[in-house]
Amino acid sequence: MRIYQMKNYDEMSRKAADLIAAQVIVKPDAVLGLATGSTPLGAYRLLIERYQKNELDFSEICSVNLDEYMGLSAANAQSYAYFMRSNFFDSINILPENTHIPNGLEEDTVLECDRYERVIGALGGIDLQILGIGGNGHIGFNEPGDAFIPETHCVELAASTIQANARFFASRGEVPTAAYTMGIRSILQAKSIVLMASGKAKAKALYRALRGPITPALPASVLQLHGNLSVVADEEALSDIKATSTDKLP
Ligand code: GLP
């Protein structure tokens, strides 16, 4: 694992944008696994700026998003589909048909999970997966549990996740209680992973993810098994972690 210890949110965003931009330049038809949440927003903004300066071309890029709330349509301003369009896709030249996200309106969960697995398979897997981390250690919406769930599945959101995400909704009661999420296998099969974290609120989860036992009780801990993991985090998020000789701290 490589840990990039950045000063603050802006520096974290710059480094993550650098790593994503490098992927897009090296492989113009790469498959990007994308995340929502406030953590990657700054990186998306910087990538848009580089696209506007003609430094990046997304015309052959495909994307698969990690997750989507159940019950929200892509037109709903709180959906992750809407988030991705308004914060990234609408401002770059990625083709809408090359962007993929679970369909939150599909009530047949078996059908939708199968469909999404086939989408990921048909793309040939993910080249670069961007991840944030939940305060409880979730990745995508893989919540703490008794087992790692390998494939796309429908999940009941943890109370702490509903609470944390309530800031994006008018009230806590409006936060969906279930979601579709990519499973652990697709995440781990990504050729490379960039795990982003910012702020003191993530310090404990990040410590347990990188230094604790590998356990489904802290889903992000499974990332320790990945051979090409870059952790891009700011000093506050890394405040519980001391670098060891096996980490490459640039
Ligand atoms: C959400 C998303 C995750 C994200 C996490 C952290 O629940 N499903 O993919 O990583 O929250 O969000 P934030 O970056 O806003 O802290």
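In this predicted model, a polar side-chain atom of His-138 lies 3.1 Å from an oxygen atom of the ligand. A polar side-chain atom of Asn-165 is likewise 3.1 Å from an oxygen atom of the ligand. On the side chain of Asp-67, an N or O atom lies 2.7 Å from a nitrogen atom of the ligand. A polar contact here is a pair of N or O atoms within 3.5 Å. Taken alone, the ligand exposes 390 Å², of which the protein buries 95%; these areas come from the Shrake-Rupley method with a 1.4 Å probe.

Now to the wider surroundings. The ligand is surrounded by 13 residues, and the closest are Ser-38, Thr-39, Asp-67, Arg-167 and Lys-202; a residue is near if one of its heavy atoms lies within 4 Å. By class, this shell holds three nonpolar, seven polar and three charged residues, with Asp, Glu, Lys and Arg counted as charged and Gly among the polar ones.

As for the whole chain, it contains seven helices and ten strands, which are DSSP runs of at least four residues (H or I) and at least two (E), respectively. The radius of gyration, taken over C-alpha atoms, is 17 Å, close to the 18 Å that the globule rule (2.2 Å times the number of residues to the power 0.38) gives for 250 residues, so the chain is as compact as a globular protein of that length. Along its principal axes, the C-alpha trace spans about 50 × 45 × 35 Å.

Residues are numbered from 1 along each chain as its sequence is written, and side-chain values use heavy atoms, leaving out hydrogens and water. Because the model is predicted, local features need pLDDT of at least 70 and side-chain atom pairs count only at pLDDT 80 or more, while totals for chains, interfaces and linings use all residues.

Key:
Polar contact = N/O pair within 3.5 Å; in protein donor to acceptor, adjacent residues only side chain to side chain.
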